[in-house]
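Hello,

Here is the structure I promised to pass on to you.

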Amino acid sequence: MKQDISGAGGAGGRGEGGDGGDENRLIAERRAKLAALRQAGQAFPNDFRRDALAGQLHASFGERSGEWLEANPTRVRVGGRLLFRRVMGKASFAKIGDRTGQIQLYLQQENLGDAYEAFKGWDIGDIIGAAGLLFRTRTGELSVRVDALKLLVKSLRPLPDKWHGLADTETRYRQRYVDLIVSEPTRQVFRTRTRIVRYLRDFLDALDFLEVETPMMQIIPGGAVARPFKTHHNALGIDMYLRIAPELYLKRLIVGGLERVYEINRNFRNEGLSTQHNPEFTMLEAYLAYADYRDLMDWIEKATRGLADTLYGTQRITYQGRAYDLSQPFRRLTVEQAIIEHNPGIDPLSLRDVTFLRKRCEQLGVHFEPGDGAGKLQIELFEKTAEAALLDPTFVHGYPVEVSPLSRPNDADPFIADRFEFFLAGREIANGFSELNDPEEQAARFRLQVARKERGDEEAMFFDADYVRALEYGMPPTAGLGVGIDRLVMFFTDSPSIRDVILFPHMRPETSA
């Protein structure tokens, strides 16, 4: 009898997954086995402790010969999920998987007695513990010659077919736990995600930043132009919002003298679902005093290259079949330059003419509101025609003040702000700017946002009087940055959708059959 969902060890047979009827039958059979285990005693024991992991064994003994292992007997206790088994009369092979990899077990009736007979009735997916001596099989595979064996958890549901895994994308997202069991590439994506976050922490810690935590629930949602989620605090008797960004709280800390702060945490925006958007997502936001937006662009360039080197030892990364050379200087251009470049024949002198911009947007089918000024119309045009074409790493700066309510205006050209966005593979990865620290100008910007909200713009900002009060105490010249962790992970793991890099992405509830 042979069962295998791992592709490991010899020729593979079909797994247990099948159509709904087959699955129901298999579940019923497994429940009957569990019932028998309950009758016999403790069905879910917790008295087995392992002292070795599969990956560690391969690292420590992978180069040792069979003769060396025989001359230096090494006893180990391993545990994990049963992924493969081949029952051959009085001897069998199996493979179990733990968080570090897989290890082969060799089981003999003469060594195990009744436990061997019990093993023959176990199923792929069961969690087992085994103890024995390391040795090499005749084919040279490092294995454990088992002399003690125990069933720890009876799996009631069959794993997917080895050759197909979780072929249905929606099921992969809904049942991530199964996806992680059967897919090493999925596990690797989330290991890489952890390494990316750790690198960014180390990068900022080395620059004397302080990691902090700010409120997830806010009375006034601020720091971004986005529609918030609303909730109610019963004890206080007030409506509150899940934060759309931590920005205004982090800048309050700059006012308080902390000078270099960052936070890596969740933001919540009540927006649509797509390959690039999830309503709950992870952001890095960092703020530092006595710096401007150009310093942040330099940092992003350095950190992106450092990430590539740390993860893969090269600055040439392939994403969705296209090669990206991160060793080359990242391109820098203005919003208006990007519009001109991707709209052949457009008149550069008309890019701040509201009438011209409205006509151009109408020609392209771009929606805009009657009250939108030249700056908002520019961004609508930029997002429609240029953004997706920014494949190689590119900093776009010179964003209009109209769409940058928290950014410092440029000294030479007050139409634009000292702000940039960083694009890679056709999507925005980061947004940064020199912070507006003039309290009177910030109050005026908030009033303009309130006016937009009163006209029906659900993404416009609220007026945050306490933040203005904080600025009135004086915030030093400051630069701030937000980095979309999920999109960064997408690039460095070659993942086409944001759902591939979020363990449990938001989805509609399952409907009953």
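**Helix pairs and sheets**

Let me start with a helix pair: Pro439, Gln442, Ala443 and Phe446 of H14 meet Tyr467, Val468, Leu471 and Glu472 of H15. Sorted by class, the residues in this contact of H14 with H15 are six nonpolar, one polar and one charged. Helix H14 covers residues 439–454 and helix H15 covers residues 465–473; their axes come within 9 Å and cross at roughly 165 degrees. Because of that angle, H14 counts as roughly antiparallel to H15. The crossing in which H14 passes H15 is right-handed.

Before going further, please keep in mind that this is a predicted model. The mean pLDDT of the protein chain is 93, with 95% of its residues at 70 or more.

Helix H12 (residues 354–364) packs with helix H13 (residues 374–385) at an angle of about 30 degrees, and their axes are 9 Å apart. H12 is therefore roughly parallel to H13. The H12 and H13 crossing is left-handed. On the H12 side, the residues that meet H13 are Val354, Leu357, Arg358, Arg360, Cys361 and Leu364. Their counterparts in H13 are Ala374, Leu377, Gln378, Glu380, Leu381, Lys384 and Thr385. By class, the contact of H12 with H13 has seven nonpolar, two polar and four charged residues.

**The eight-stranded sheet**

Now to the strands. Eight of them form an open sheet with mixed pairing, in the order S7-S11-S12-S19-S18-S17-S16-S15. Strand S7 (210–211) and strand S15 (331–334) are at the edges with a single partner strand each, so one side of each has no neighbour in the sheet. Within this sheet, strand S16 (residues 394–397) and strand S17 (residues 419–424) run antiparallel and are joined by four bridges.

Helix H8 (residues 184–206) packs with H16 at an angle of about 120 degrees, with the two axes 10 Å apart. H8 and H16 are therefore oblique to each other, and their crossing is right-handed. From H8, the contact involves Thr192, Arg193, Ile196, Val197 and Leu200. From H16, the residues are Ile485, Asp486, Leu488, Val489 and Phe492. By class, the contact of H8 with H16 has seven nonpolar, one polar and two charged residues.

**The three-stranded sheet**

Three strands form another open sheet, in the order S8-S10-S9 and with antiparallel pairing. Strand S8 (217–218) and strand S9 (230–233) are the edge strands, each pairing on one side only. S8 pairs with strand S10 (residues 238–242) in the antiparallel sense over two bridges, and Met217 has Leu242 in S10 as its bridge partner. S9 and S10 also pair in the antiparallel sense, over four bridges. Here Lys230 stands opposite Tyr241 in S10.

What does Gly237 do in the hairpin of S9 and S10? The hairpin has four residues between the strands, and Gly237 takes a positive phi near 70 degrees.

That covers what I found.

Best wishes

Conventions
Residues numbered from 1 in each chain as written. Predicted model: local features only at pLDDT ≥ 70, side-chain atom pairs only at ≥ 80, totals over all residues. Heavy atoms only, no water. Pairing = 2+ DSSP bridges. Axes fitted to C-alpha atoms, helices over the stretch in contact; angles between N-to-C directions. Parallel < 35°, antiparallel > 145°, perpendicular 65-115°, else oblique. Left-handed = near helix turned anticlockwise from the far one by under 90°. Contact = heavy atoms within 4.5 Å. Nonpolar A, V, L, I, M, F, W, Y, C, P; charged D, E, K, R; others polar. pLDDT = per-residue confidence, 0-100.
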